[in-house]
Amino acid sequence: MNLRLKDQLYSVFRSHFGTEPVMFFSPGRINLIGEHTDYNQGYVMPAAIDRGIILCIGYSFVSDSTLISAEFDQRISFDINRPEINPSNWTAYVMGVIKELKHRAGHLPQLNLVLGSDLPMGSGLSSSAALENAVSFGMNKFLDLGLERAELARIGQATENDHLGLESGIMDQFAGLFGREDHLLLLDCGSLNHEYIRWDNDDLGFLLIDTKVSRRLAHSAYNDRKQSCSRVAATCGMDSLRGLDLERLLGFKDKLSEEDFRLAKYVIEENERVLMAAHSIRKGNFRQVGLLMKETHSGLRNDYRVSCEELDFLVENTEENDSVLGARMMGGGFGGCTINLVKTNSIEDFGHRMSTLYNARFGKNCKLHSVNLSSGVCQIL
Ligand code: GLA
């Protein structure tokens with residue numbers, strides 16, 4: 001966690017409101033493997049990271065609530081019992097969560113909220129889920145509402161599904177709420193059963209390379225994929241793609257479009273890859289983990305079709321590099337980051353080399369983030 005940001009937000013809160021805040025840290029996430037499987041009730045393997053959002057909370061002693069973003073230098077007054085959601089504004093994530101909390105907890109007292117972040121937005125590190133988790137976890141704790149973490153994850157997901165029109169799964173919120181230092185989370189998105197998988201390898205690190213590509217089209221393409229998957233499941237007589245295997249899918253091939261068939265095939269294979277990756281990590285076979293990541297990227301590029309030229313370029317340029325065990329696009333796609341599993345002592349050189357290549361090819365800079373696996377959302381003051 002960023003201690004400078006913590007001190008800065010504490011001072012902002014004190015200078016605006018003159019009282020002591022209670023403070024929370026809410027992390028972003030990476031996803032090692034298991035992409036576009038969460039909304040198909042499948043398996044994912046994310047982890048919380050050491051960058052995220054910090055939230056300060058205190059009671060308001062006037063008749064309305066105040067929300068301050070240190071990052072955007074914005075101050076908004078609102079009635080906490082009548083949150084207004086403007087889907088084109090970042091405040092929608094906060095207001096959506098408040099609406100969901102109010103729905104479960106009833107009348108809420110007016111609050112002062114100050115937010116700040118060191119998590120890049122729109123890079124596929126789940127800054128929106130981090131914001132939702134900060135508000136749901138922080139308010140739940142501060143107001144002693146008694147909601148369980150799994151319910152808080154559903155609140156974040158409902159904010160996106162019901163108030164923002166994005167039909168996302170539960171992976172991002174879950175990873176941020178349940179993360180554990182030095183561990184990945186093997187999550188079954190159907191049952192929400194989860195296991196922690198220790199990442200016990202100091203010789204390998206995670207480097208994210210942000211394409212800085214705007215993800216303008218990502219929203220509607222994401223919902224399209226989700227709808228196609230539901231259509232395939234219904235055609236095959238299932239509630240979701242989770243219970244489907246390749247044999248059954250092949251039996252329905254002539255009832256499906258070529259495109260829908262490939263989407264479903266990818267999801268079935270990706271679920272298998274997640275389980276194989278969990279097994280490989282436990283056995284210490286990190287080369288195999290890297291190979292699975294590469295297969296995921298091919299599936300996302302060729303079958304699920306959510307990659308883009310910049311992501312493919314970054315992945316392809318790791319292929320001849322012995323210090324990179326695996327690389328793939330991460331998150332919803334159409335931009336955002338690649339995740340690279342790299343020998344720790346080569347991370348700097350590798351990052352530098354990729355930056356140079358990327359700039360020479362696209363005439364713009366990519367951004368590098370080296371991240372550690374951290375604990376989930378927690379109170380920090
Ligand atoms: C986004 C969504 C997640 C998940 C990923 C793709 O990050 O928010 O729920 O579907 O895309 O795996």
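Biologist: Which residues are around the ligand?

Modeller: In this predicted model, the residues around the ligand are Arg29, Glu35, His36, Asp38, Tyr39, Ser168, Gly169, Met171, Asp172, Tyr222, Gly331 and Gly332.

Biologist: And how does that shell split by class?

Modeller: The shell around the ligand has 3 nonpolar, 5 polar and 4 charged residues.

Biologist: What does the side chain of Asp38 do there, in terms of distance to the ligand?

Modeller: An N or O atom in the side chain of Asp38 is 2.5 Å from an oxygen atom of the ligand. With His36, a polar backbone atom is 2.6 Å from a ligand oxygen atom, and for Gly332 a backbone N or O atom lies 3.3 Å from an oxygen atom of the ligand.

Biologist: How much of the ligand's accessible area does the protein cover?

Modeller: On its own the ligand has 310 Å² of accessible area, and the protein covers 92% of that.

Biologist: Which pocket is the ligand in?

Modeller: The ligand takes up the space of the largest pocket.

Biologist: Changing topic, where is Ser323?

Modeller: Ser323 is in the loop that runs between helix α10, residues 309-316, and strand β9, residues 324-329.

Biologist: Is Ser323 buried or exposed, and why do you say so?

Modeller: Ser323 counts as buried because its relative accessible area is 13%, and the cut-off for buried is under 20%.

Biologist: What does the side chain of Ser323 contact?

Modeller: The side chain of Ser323 is joined to the side chain of Asn321 by a polar contact of 2.7 Å.

Terms used. Residues are numbered from 1 along each chain as its sequence is written. This is a predicted model: local features need pLDDT of at least 70, side-chain atom pairs count only at pLDDT 80 or more; totals for chains, interfaces and linings use all residues. Side-chain values use heavy atoms; hydrogens and water are left out. A residue is near a molecule or strand if one of its heavy atoms lies within 4 Å of it. A polar contact is a pair of N or O atoms within 3.5 Å; within protein, one must be able to donate a hydrogen and the other to accept it, and residues adjacent in sequence count only if both atoms are side-chain atoms. Accessible areas come from the Shrake-Rupley method with a 1.4 Å probe; for residues, only the protein chains shown count as cover. On a 1 Å grid over the protein atoms alone, a cavity is a set of points where a 1.4 Å probe fits but cannot get out, and a pocket is an open set with protein on both sides within 12 Å along at least five of seven lines; lining residues have an atom within 4 Å of a point. A molecule sits in a cavity or pocket if more than half of its atoms lie within 2 Å of its grid points. Ala, Val, Leu, Ile, Met, Phe, Trp, Tyr, Cys and Pro count as nonpolar, Asp, Glu, Lys and Arg as charged, and the others, Gly among them, as polar. Helices (H or I, at least four residues) and strands (E, at least two) are DSSP runs, numbered from the N terminus. Buried means under 20% relative accessible area, exposed over 50%, partly exposed in between (1.4 Å probe, protein chains only).
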